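Colleague: Could you walk me through this one? I'd like to go through it bit by bit.

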Amino acid sequence: RRFIAQNYANRLHEIMNNASTEIQRMWQGHYAKINYRRDRMGIITSQSICRRFLAQIRVGRMSKSMSNASIRIQRIWRGYRAKVNYGCDLMDIITVQSIGRRVLSRNR
């Protein structure tokens, strides 16, 4: 009888020990998942902030270079138009002078 009672107590102790080990295993796994998700969200948030910052810098540079390019195009175009207008004005002046000299030479 004593042997049966002791054997039963040993088995009960082993079952309780296994149950507590299983509970600890489950709790530690759950806690590890919670920590993993929290850490992962922190990393993703940090990456997102860094990527946004870098994108803003790139957009600023691109915007600045586009602005510089448009200013350069305007400068070149205005210079070209000024040269063309100057050439047309010069031809008009030469034509008027030529006509004036012709009229003066006929009147002499």
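**Working through the model**

Modeller: R51 counts as exposed because its relative accessibility is 58%; exposed means over 50% relative accessible area, buried under 20%, and partly exposed in between, with a 1.4 Å probe and protein chains only.

Colleague: What should I know about the source?

Modeller: This is a predicted model, where local features need pLDDT of at least 70 and side-chain atom pairs count only at pLDDT 80 or more, while totals for chains, interfaces and linings use all residues. Residues are numbered from 1 along each chain as its sequence is written, and side-chain values use heavy atoms, with hydrogens and water left out.

Colleague: Where is R51 found?

Modeller: In helix α1, residues 2-107. Helices are DSSP runs of H or I with at least four residues, numbered from the N terminus.

Colleague: Cysteines next. How many disulfides?

Modeller: The count is 0 disulfides, where a disulfide needs a pair of cysteine sulfur atoms within 2.5 Å. C50 is partly exposed because its relative accessibility is 48%, and C88 is partly exposed at 42%.

Colleague: And how many salt bridges?

Modeller: A search of the whole structure gives 2; the rule is a side-chain nitrogen of Lys or Arg within 4 Å of a carboxyl oxygen of Asp or Glu. R25 pairs with E22, with the closest N and O atoms 2.5 Å apart. R38 pairs with D39, and there the closest N and O atoms are 3.6 Å apart.

Colleague: Why are R25 and E22 separated by about one helical turn?

Modeller: Because they are 3 residues apart in helix α1.

Colleague: R38 and D39, exposed or partly exposed?

Modeller: R38 is exposed, with a relative accessible area of 52%, whereas D39 is partly exposed at 41%.

Colleague: Switching to aromatics. How many pairs?

Modeller: There are 2 aromatic pairs. One of them is W77 with Y80, a tilted pair at 5.7 Å centre to centre and 35° between the planes. Rings of Phe, Tyr and Trp (its six-membered ring) pair if their centres lie within 6.5 Å; planes under 30 degrees apart are stacked, over 60 edge-to-face, and the rest tilted.

Colleague: How accessible are W77 and Y80?

Modeller: W77 counts as exposed at 52% relative accessibility, and Y80 as partly exposed at 47%.

Key. Helices (H or I, at least four residues) and strands (E, at least two) are DSSP runs, numbered from the N terminus.
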